[in-house]
Structures are given as C-alpha cells and as structure tokens.
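Subject: Structure handover

Hello,

Here is the structure we talked about. Please look it over before reading my notes below.

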Amino acid sequence: MNTPPSNAAPAREQGGRDETPAGGRAPVRRLLRDPQAVLSAGVLLVVVALGLLTPFITEHGPNQASLEAINDEAGTHGYPLGGDKSGRDIFARLLHSVNTSVVSALIGTSIALAVGVTFGLIGGYYDRRLRGVTEWVFSLVMTFPGLLLLIVLLPVTRGDYRVTMMIFGVLLSPGIYRLVRNLVLGVRNEPYVDAARVSGLPDRRILGRHILYTVRGPVVIATAFLAGASIGVQSGLAFLGVGSSTVPSFGAMIADGFTNFYEEPLQLLWPSLALGVITACLVLLGNSLRDVLEGGRPKPSRITAPSRRPTTGPAAEADPPGLLTVQDLAVAYPTPSDGLNEVVSGVTLSLRAGETLGLVGESGSGKTQTAFAILGVLPAEAVVTRGSVRLDGRELLGLGERELSGIRGRAIAYVPQEPMANLDPSATVGSQLVEGLRAATPTPRREARERALALLDRVGIADPRRVFASYPHQLSGGMAQRVLIAGAVASRPSLLIADEPTTALDVTVQAEILDLLRDLREELNMALLLVTHNFGVVADSCDRVAVMRQGRIVETGDVLDLFRAPGHPYTRTLLDAILDEHAPRTDPPGIADERPLKEVR
Amino acid sequence: MILHVLRRLATGLVLAVLVTMITFLLLSTSFDDIAGSVLGSSATPARIEQQKAQLGLDRPVLVQYLDWLSHAVRGDFGLSYFTSEPVRSAITARLGVTLSVVLAALLLTAVVGVTLGVLAATRGGVVDRVAQGASLFGHLVPNLLIAIGLVWLLALRLHWFPATGYTPLGEDPTRWAASITIPVLALTAAGAASLTSQVRGAMIDELRKDYVRTLRTRGIRPRAILLRHALRNAAGPALTVLSLEFVQMFGGALVIEQVFALPGFGSYAFNASLQGDIPIIMGITLFAVLLVVCVNLLVDLANGWLNPKARIR
Amino acid sequence: MTAPLLGLSDLRVSYPGHGLRARPTEVLHGVSLQAREGETLGIVGESGSGKTTLGRAVLGLVKPSGGNVRFQGRDITHSSRKERRALARDIQVVFQDPYSSLNPALAVGDILSEPLTAHGATAREARARVAELLDQVGLPGDAARRLPREFSGGQRQRVAIARALAPVPHLIVCDEPVSALDLTTQARVLDLLVDIQRRTSVAYLFISHDLAVIRHVSHRVCVMRGGEIVETGTAGQVTSRPRHSYTQRLVLAAPVPDPVEQRERRERRHRLLARERADLSGARIPRRAAAAPEEWNDTDRDA
C-alpha cells in the first residue's frame, strides 16, 4: 500500500516501502532520461568543445585587427560573423570569450567549493566553539557586497580576471559553507551517525562514508549555479571595463556592441546570445540535477475541500439514525503512474449523540484518513471516490470549503495528535482561541476574550491569563493539548473527532487528558470519534469500537464484547499482541552457554 | 531587546573596522603604483618616493590605517588624491542616486516576489506555471542582459523612458521617476526571481503544516489562514533572502549605473579604483559596510517581530 | 561475586546553556545503578526524566560532568576516542527510530559489515558473520543486498539489532527500541530480544517510557524522574507493588486494555491523587519517603 503524502506521522510506519523519490541507485541514468538535463548538458559540452578547438576553427586571433574588416557584414571572407568596430573577427572573439568564461567558472567554483566544503565539514562536524569562529568569519564575508569589493580591490588585482575570480570564489564560499554546514549538522544528529560512532568507526570514516554522501548531491547542484554566477560576474566586470582589454570576454564584447548599437545592433546580439545561452544552460542543468537528486519541486498546496469523483451517487436511503453516518466511504491518492491508490475502501460507521466510538487500527490502516475525510480536510491531492458522510442528515461530501467552514468549529471539531505542531508558532495562544471563537460565532472581541479565558480555566489550566498571552513554544505538550481541546470545544460542537489525542504525551498526562475529554463529553453531550492504536485508551474511554485494517472496517462492536469475545481473527491477533498486564519477566538472568562459540572477533 | 540591538550594533562596528582594515592592507600592496598614477606617467622613481612621503604612504601600514580610522571616527574621511574634493560630501551626494534606485528596486522586489510566490504556492495550474516561468527567466538571464534588453525595448523601441541619464528628485520628480524606472526594473527582475521561488517554497511548506489543518477545522476562512498565519510564518526566511538581495543589488547597481550612465556610488567607486584614489576607496568601503549593517539590523528586528521564538532570546 | 558488568555511581550530566554566559543545565543529578552480566535492567521514565541521557552517557555520546561509569570494573567515564572505539566491541546500541538509525544510502550488508571491518575483520569473515547475524534476527539471507527502505519498520529494527549484535557485545543499550513500532510488531521484536539474551547472555540496558514493555523484558527496573532514580526493584515488585508515590502514579496512569479493570484502575488513580493533594495541603512529606502502600496491598492480586 502506498503512503499518501503529507499524512499524519504514523502512516510512515506501515509495512513495505515508502516512496522517497530521492537518492535512488542510479541518478546518472535518470538524469540521462531527462530531456532538459540532456539538452542543457549537451549544449554546454558543445560550447566548451568549440572553445577548446578555437585555434583550429578560427583564422584570426581575438585581438588581431584589420582595417578592412571594420564593421564587416557577417559571412564575408573568413569573418563568419563579421568584424567589430576595431576590425576584429567577432566569431574568433566569441570563441575566445568562451574560454575566458570557462576559466572563470573553473576558478570561481573550485575556490568556492574548496573553501566552503572544507569549512562546512569542519564547522558542522566538530564542536561548537570551532563552529562559532567559522560562522562569524563566513557571515562577515557574506555581508559584503561582492561586486563592490572586487572593484575596490582593482588596484590589488591589477585587473587580472583570474585573480578577480579567485577573490570572487572566496566571496561565493559562504553559500556553500552554509549549505554543507546545515547538511552536516542535520546528519550529525541522525541516529545512524551515532550508531556508527558507537560501532567504533573513526571520525575520518564517518565523515567520508556517512556524511560526505549526504552532502554530495546538494553540492553538485550548487556547483552548476556557482559556475553560472562566476560567468555572470566575470562578464559584468568586463562590461564595466575592469581588466585587461586584450582578454576577450563576453562582457567586453557586449560593452563594445553597446556603444556601437545604433550602427551595428548584431554586434551586441552575438555575445549577449552566447552569454545568455551558457548561463541559461547552467541554471537549467542545475534545476534538472535538483529534480533528480532531491526529488521534484513541491507541488502547490491549495486550501480546498477534497475533490470528489462520484462514481456512484450517495445512496438515497431513508434517513439513517444517529448524529454521524458514514457510508461506503473511499479515499484514494493518485499514483505516479496516473492510477488511483485507495487508502480507505468503503468504510461504514455511525455515531449517536453523546456516544464515544473508538476507531482502532495499526499504522497505515486508514483511520486518520477516514477522520480527515469526515472533517473535509484531506490533502488537496486526495480524492474521495465514493460514499457519503452525513452529519445530522446533511451530506458533507461535495460541499465547498466555504460551506464546510460554516459547519466546522460549530457542529464538528477536531483534536490533533501532535499538540505543538498544531498551534501556529507565531501567534499567541489567546489570539488563536479568539480567532476560532469569532469564526464560529460572531462575537465582540472582548466577549470572545472572556470566553477564551473561561475555556482555558475549564480545561484545567492553572493560570489562564498567562497562558492566554503565551506563545506555543512556551507551553508543555500537555498544556498545548489542553489549549487545543479548549479551542475544539469552544463552540459546543455536537461531534468531536480526536485523532490519537494522547499518543504524543506522557502516560500521566495522557490519563489527565482522557479524563478531561470524558468530562467535557458528558458536560456538552458531545459525540466523540476517538482514533487510536492503543487498546488501553479504548478500554478507558470508548462505548463502541470499530477495528480498521487496510482501509476497511473488519469489526464493530460494543467495547465489552469486543474485549471479551472478539469476532474477527484480526481483532484477536491485535488483542493477543498486547503485553500481559500481570506477568512480569520471571526467568533469571542467565550466564553464557553459547558465548564462547561466537567469539569470532 | 535594547541590549540585543546594541550588541548587534557593536558587532557591526567591529565588522566595519575589520573590513576597512583588510581592504587597507590589501591596497597597501599597490602604493607604488598609486603614487605613480597621481603624478602621471612621466614620474621618476625619486619623485614617486617623494609623493609617497607627501601622501603619508611611506609610514608603516598599520599606523596609516589607525590614522585614517581615528579621523574617520570623527567624520573626517580626507580629500580625494586627484580632485581634492572632501570624500564625505562626494560620497553622500552619489549615495542618494544609488540608494533611490536600490531601495525602489527592493520595494518592488518585495511586492512582486511575495505576490507571485503566494499565488504560485496556492493557486497551482496556470498561475503557478507563469510565476515559476517568470522566476526561472529572472534566474536564467544575467542582470546585464536584462538591463540591455529593457533599454532596447522601453527606451529605444517604445521611447517610454529615457535610455540614460539622471534627473535629481529635487529638480523634477516626474523626470526623476522616469530616469530610474528602467534601472529599477532591471534590478528587480533578478531579485524578484529568487524571492518568488523562496516565498513559493516557504508558503508550500507552511500550508502543509499541521496547524493549517487545525485552523481549518475551527471554521476559519482560507484567506485568513493564508494571510494571517501561513504568510506570516513564511515571511521570516523571505526577509533573510531580501536582505541578501539588498547586498546583491548594491553590487548589481554598479553594472546598472554604467549601462544607464547614472552618476551613482558604483561608477564613482569604479573610477576611484581605476585611479587608486585611496581616501575615496576607503570611504566607499566604510559606507557600504555600515549600510549593510543597518539593513541586517532592520531585518533582524523585523524577524524578531515576526518570530516570537527569536524575540524571547 | 565479581564486579558488576556496568556500574554507574553518582553520574551527573550537564548540557551547556545557549549563549555565552548561560549556565549549563544539569539533566542527571547523580545517578547510581548496577547491571549484571546477562541481565536486563529496565529504565522507565517520562519525557525529561533523563533516561535517554543516561543511555547516551553509557555509550560515550555525552560527557558526564561528574561521577563515573565503570564497565567490567574499569572506569570508562573519560575514555579517549581510541579506547571508546575498542569498547565498541563490548557496548552496543539499538535506537528508537528504525528509519533514521540506518543510513538510507547503504545496503543492509554494508551496514552490518561496517563495524566488523572497522575492527579488523576481513571482507570474507564479515560476509559470513553477516549471514549468521541475519539468520539470528530472523531476516532472509538476501536481505544483505537490499536497502533499508525496502524493509518495514519491524524488519529495520531487526537490522539495527543485528548491527548491535555484530561484535558479540556484553551490553546493548536499547533506547526505546519498540516505541515506533505497531503493536503486533512490537511484541515480536521484544520476543526476539529476550530470545537472543537467553542464547547469548548479553545484558540490556533497556530504556522505555512504557511500563508494559519494561515489565515484559526486564529483570530489574529503575524508575527515573527529573534526572534521578526514585525507585529500583525487581520487575514484579516495581510494576505491581510500587513503593514510591511517583511510580504508583505512573502505574495507575497506564490504561489497562480491559474496560472493567480500567474503570477500577482509574478510580484508584483518582483516590491516590486526592490523597496526595490532601497530603500536600497538610504536612509536607519528604519527596523520597515511601507513600503509604496499603492500597496496593489490599487490591493487588500479585501481592
């Protein structure tokens, strides 16, 4: 089964393989299948080859001026593109300029890579003090306008473009440094690097094998962009007239063409075209490399109700009893091969007012997807292929985001799994509560504020005023979950959908949150759909249970019956897997019987 | 908060001292040439030594630097070797031209980049493709070529704006605006390109976060979620890009000023460097660093306002 | 009796504060414990209790700021990198997240042979040992050629266990090794760990937040809270007749997967909390003092 993208965390754990597009075994082969990559790399290769073959192709030197050739037409006697205003062969100058660009790119990128990668590895892998120093030095380099510095240092470089490009390489290095440092810092804290260290691998080997590998891809990508930047800067400087006038370069040719524009516009066109094509190819190649090595660019993400493909209309039946009725609900995600992959396949369930239904299953069983489908907050790419979701007799599937936002918050509310990730990090707790209250029922700001404070008090927060003014990162996980519950029950919804509301919390906090949910449910006569994988939570809080497996509900029943006499074999497997409450380990710690045989060090 | 600002300012000053010192040390390698070029090509070695002594270039480099620094602290940047113009007034006069171009371009970049980025992130389809295409174009074509293309199209073909020259704001605001329009557009093209892709990426990341889903379940309208929550959270990284953009535009302005014959900072710096006019070079270096320090400080403050975690620290 | 396999005495760990003048925060305030050869010592605690830091200190991944760690009688608190590398043969680890604890770019065979060759095994010896290890953890022999992403969470955790077993260690630090796994997978991986221990008499320092898991695999259990050990005892005693009030709360907070029993447990928890609240408002009692255990004696069937 496939993992739908941007799903809740546990979906990651489902069996099989997760579809990470990046880091396949043969990126080169995939690159060769990408027309953009092949085309841009091909053009670059041809251009570089032409540059290398210059002495064999051209009849004239780049600075060889001939009075007869001044502003010559293209195509006349050995001047394929004509002559410029000094009578030099434009074609020859173009090819020589290619070489200048290639040398600039080589110098600029190699210096930037050498400096950036080395210090990035050092700054990322070794301890904080060393990093403090490298960090400071590179941010210093980064803050200075590079082109200005290159010009200011003109008396020092004496206009030699190679020296200039060396300095420019240093100026480019902070970008690479940051890239590498961030990657290394990220990898360094990965458990697999810790595991390698515990395995007794020397630092050298960890850096080489585990860390350089991760850094490789992004650095290759950056190289293409660095080369483009170097060529751009070199031509910019040459355009300004920095550097020796005997070094042919696109910039100098463009400057010449620019002054001669009214007479001979083509003289401006050729070098501009050549420069444009080379930098464009580098950027396009860089983009292709990124797509292949890091996976494609993220797709836009719209806030919208899920699209629906009504293969069958909602079954026209007599109004089913109860508050929430889900019938034959199916949710699917598009696969790379344009098919649809069902993650929820025909779920039917119902809830009466004030009742708690536990939706239980292992990761990847589709329980969270079912909850999201009821709320209408599936990711934009998800498709509801069939079925019906009715709340108080009203069909919710097919409603637009606007209509749904009138129902959500008022009739139906949601408590998520990860409390921290579900609060906007840059808005105060209070403002988020007030905003929700006012979205559900138009209330004066002041009144909404009072109500929010009362809610915080109700969910067991000791100091409501302080928490009201706090930002999410100042709260503990348990407090954040209380805040989210306060927000969910703010408008007295008739149905609360709680998706693993205690999974991310400590046990003692879990017990308190379950108590709170139970009390609120009784107080507000609210129905609760409790999505969980924990049978302890089910036993604690649910009236009825539905067991899900691979997108289907295999068994529904009263909580007591289900625990005492599970009907479906899968339910029995799950219950058997629960570790026995009353049997601690009793066998004594044994001393080696097999060990000596295994000492094959 | 005030402590934080003071600390940043102090770091900025240290940065200014370091950069000017390094520049000075590097320049000291070419003092002979500079003394020579002040005198002209016919100077004898003895005459050059004499000139160096007169300019104070024969003293130990560090002493010279400290001398420059002690004057600079009091606002005295010396006189140009060649024109004897006071450096400070010369620079401030030209800074106005560059800043009006760069700041206008920065503003335009912010507006265009954020609008296109948000649209691309949330609309998808044609809007996304157009925005991404525009952004790609800005990346693909070097600044210089965009500038030349704009001159060709807007000035030479359509005659909407003058191709070159500058009218001070005080003289005629309309003509001032016309004279900087093409340079501003040219600078904006590249800046907006990278800002657009940055904002697009950051917005997509934000919109995929869990809190967006939770806000939806509270019945909050998509537009409010987009602008009040997602955009605010995406603005931090975008601001950082914008501050780097400023530094780059400052460099880019050098080329642009040359194309449009604007009497700005860049062309002034260029001529001073060609001649080796040390007081002007040093003055320009210092001004540029201070400007960058100020912009970074502003971005820092804005980030603190946007991001509560950064603020508490 | 010889020296215990692992001994911590008064172990302290501090993390540096952020910023220049910030004071370091101590997360372990003097922890002492002993683990014997072939034994599973369970460490249970909630987030922030310092249990993970404890494991990392034993592994040498964080530097203690006080106290010492002894392994087979030797003080290894401040061993050099080189000594640490030698110790890698004796002390190994299994981490929580089976997704990030395996380098996604390396084939399983390479992951397993890497520590072997690092300690001087030839490629051939390593290959033979890898086959043996895969068999030991119940993975097919062709697993060596595949990448981690081709396996499920439970299978990856088996790879991580095989990697830990590779050098025939005396001690494996298991840091929440089954927390990221589904219920059914969890039970199988735990059984595998117990089975391996019976066969090789490796000792486990088993860190978990889940009392049920700890009860299932541990011989003895330490309960941690706020960087200290509040209670140590046999698995049966700690999880069925806890003495410390915190342990009691912990045990009662974990829901039993049985609706009737859970209702009872919930009521007992409410009674305990009510009594604690009354105690707090009345006389202040010392934190380490054992709370009155009579409730446990009347109601617990294991008593």
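Helix 6 (residues 183-200) of chain C lies across strand 3 and strand 8 of chain C. Its direction is about 155° to strand 8 of chain C. Helices (H or I, at least four residues) and strands (E, at least two) are DSSP runs, numbered from the N terminus. Axes are lines fitted to C-alpha atoms, for helices over the stretch in contact (heavy atoms within 4.5 Å). Angles run from 0 to 180 degrees between N-to-C directions.

This is a predicted model: local features need pLDDT of at least 70, side-chain atom pairs count only at pLDDT 80 or more, and totals for chains, interfaces and linings use all residues. Side-chain values use heavy atoms, without hydrogens and water, residues are numbered from 1 along each chain as its sequence is written, and chains are lettered from A and ligands numbered from 1 in the order in which they are written.

Now the sheet. Strand 3 (residues 40-45) and strand 8 (residues 203-208) of chain C pair in the parallel sense over 5 bridges. Pairing requires at least two DSSP bridges between two strands. Ile43(C) has Ile207(C) in strand 8 as its bridge partner. The open sheet has 6 strands in chain C, in the order 6-7-8-3-9-10, with mixed pairing. Strand 6 (91-94) and strand 10 (228-234) of chain C are the edges, each pairing on one side only. Neighbouring strands of this sheet are turned by 20° against each other on average, direction ignored.

Chain A next. The domain assignment (automatic or from a database) gives domain 1 (24-60 + 77-293) and domain 2 (314-577) of chain A. Their C-alpha centres lie 52 Å apart.

Best regards
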